[in-house]
Every structure is written in C-alpha cells, then in structure tokens.
Amino acid sequence: MTSAVRRNSSGLLLQATQKTPDLAEVVARAGAPACLQTFMTLEAGNRDGMLAGCMIIGTMGSFKAVTAKALVDAGAGTPLITCVPHADQEVAGVAAWAIEQLGQHSEETAGPLVTAGALMALTQVYCSMPKKKTELRSKRKSSIKTLIRCAPSAQSLEPFVDKAIPPPLLKHFLRRLEPLLAKSPKDRQSFVTSGALHRLQTIMAVRGLLKEPSVSHALSISSLFPEDVVKYYAGSC
C-alpha cells in the first residue's frame, strides 16, 4: 500500500470515527487499534501522516473507556508518546491531546500510558518550555494532570517528587500521592526506598517553595511514615 493510499484511508477513517461513539466502537472492533499502531509506525517522519494518526486515536479514544482500552492494549499509545516532543507544534499538541483522551477514563487506560513513559515525556517537555502561556503548553499541562489523576499507583509518580518539577505542577503529583500512599503499605515502602520521601523532605525544607495546598499534601504524606524516619530524612536536608 502506498503512503498516499494510507493517508486517504486515514482521512476516511477519521470522518467515520467522529460521527458517534457507537460507530467508533464498531471501527475499533474491526481491528482499527492494531492497524493504527502500524500506520503510525509507517508514517513516522511524515507530518501529515502522524497528525492524522494522532487525530484518529484521540477521537476514537475520547468516547468510551472500552474503545480507549482497546487502543492502549494494541500499543497505539506508544507512537503518541514519540510525537510528544515533536518539533512541529501542531503534531506535538495533538499528540498530547490524544494521550489525554485515552487516559481520562480510568486507571486501566492511564496506567499503561504512564508505564510506557507518557507522563515522563510530557513532563520533561513541559518543564523545558518557556513559561509564557501557549496553546501547546496548555495542552501538555492538561494531559499531565489527567494522567496524574488516573495514575494507578504511587510508584509511578515517585520520580516526579523532585525540586526540578515546578511547584504549580508538583502540587498535582502530591495531591494524587496522598490517597495512593495512604491505602498501600507496599507503595509507602517503595516511597522510602526510592528516595522519594527524602526528596520530599528536601523540598519542604526550602522556605517558600511550596504553597497551599501543596504544604498540606506534603505534611499529610509525611504523617503516613514513622516520625523517626521522617526526622532522619528531614535532618539530612
């Protein structure tokens, strides 16, 4: 199949999936998720092809959790992650939007994306962007917040407890970590051994770095651990 035929077919597929959630589900059942993953691989390096693929994946994934899960399970999220740092702002923006559409439904759709590196890729490019407000910056932040909100475990968020994360973004990580750590002894153990608790104490030790409600979240997280352990790490900051 030539690239021209692939792109024309993708245009027709996008029009079909935009109609109704039920039609998007029918297309997914017909094998579209695996085909889209292959399509994105073949179109790597072609702006129009990647843009079309991101649009189709995001549109299909936006309707129903079952369709989004089919796309994620088929590996359609991987090429989206590859497009996150793309030099073309439109491709990068649509990729961030598509990831949000897939991840918004539940932990089942967000978890594999986080594991595959979507949250890390989005956070890295977001933190490296100029602070002025742009549509691309807004799309990336919205996608990050969605993945955080639906993250299945505290362990997946541990790397983001770091002074390099801007405080306005860090608060979202701390907000999600608080209930996840509260319900899982295994996650609390990992939070200590990974160095995340130490890094949290280091962040808290910097006067004025955290504002409310981040301060409350950080204090609540610290209270989940033995006092002597918290004092040990706080004393080494």
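Where is the place of Pro167, and in which helix?

Author: Pro167 has its place in helix α11, which covers residues 167–183. Before going on, a word on what you're looking at: this is a predicted model, where local features need pLDDT of at least 70 and side-chain atom pairs count only at pLDDT 80 or more, while totals for chains, interfaces and linings use all residues. Numbering starts from 1 along each chain as its sequence is written, and side-chain values use heavy atoms, with hydrogens and water left out.

Helices here are DSSP runs of H or I with at least four residues, strands are runs of E with at least two, and both are numbered from the N terminus. Next up is burial: buried means under 20% relative accessible area, exposed means over 50%, and partly exposed is in between (1.4 Å probe, protein chains only). Pro167 has 30% relative accessibility, so it counts as partly exposed. Who does Pro167 touch? Not counting residues up to four places away in sequence, Pro167 touches Leu209 and Ser214, where a contact means heavy atoms within 4.5 Å.

Now zoom out. The protein chain has 15 helices and 0 strands, and its C-alpha trace spans about 65 × 35 × 25 Å along the principal axes. Of its 237 residues, 46% count as buried. If you take contacts between residues at least 6 apart in sequence, 71% of them join residues at least 24 apart.

What sits inside? The largest nonpolar core has 65 residues; such a core is a set of buried Ala, Val, Leu, Ile, Met, Phe, Trp, Tyr and Cys residues joined through side-chain atoms within 4.5 Å. Take Ile99: leaving aside neighbours within four places in sequence, its contacts include Leu80, Val84, Leu113, Ser143 and Leu147.

Ser143 and Leu147 bring us to α10 (residues 135–149), where both are among the buried residues. Helix α10 has 15 residues and reaches 21 Å from its first C-alpha to its last, close to the 21 Å expected, which is 1.5 Å times one less than its number of residues. Its buried residues pack against α7, α8, α9 (118–128) and α11, and that last one is the helix of Pro167. Arg137, also buried in α10, lies over the face of Tyr126, at 4.2 Å from the ring centre. (For a charge to sit over a ring, NZ of Lys or CZ of Arg must be within 6 Å of the ring centre and within 35 degrees of the ring normal.)

Speaking of rings, those of Phe, Tyr and Trp (its six-membered ring) pair if their centres lie within 6.5 Å; planes under 30 degrees apart count as stacked, over 60 as edge-to-face and the rest as tilted. The count comes to 3 aromatic pairs. Phe191 and Phe225 have ring centres 5.7 Å apart and planes at 20 degrees, so that pair is stacked. It links distant parts of the chain, with Phe191 in α12 (185–193) and Phe225 in the loop between α14 (214–222) and α15 (227–235), 34 residues apart. Both are buried. Tyr232 and Tyr233, with centres 5.2 Å apart and planes at 75 degrees, are edge-to-face. Tyr232 is exposed at 59%, whereas Tyr233 is buried at 19%.

Helix α14 also holds His217, which is buried with a relative accessible area of 13%. Setting aside close sequence neighbours within four places, His217 contacts Lys171, Leu174, Arg175 and Glu178. In the loop between α13 (196–205) and α14 you'll find Pro213, joined to Glu212 by a cis peptide bond with omega about 5 degrees.

One last stop: in α5 (65–73), the buried residues are Thr67, Ala68, Leu71 and Val72. Seen down the axis, they fall within an arc of 135 degrees, so they line one face of the helix (the arc is that of the directions from the helix axis to the C-beta atoms). The face turned away carries the exposed residues Val66 and Asp73. After α5 comes Gly75, with a positive phi near 85 degrees.
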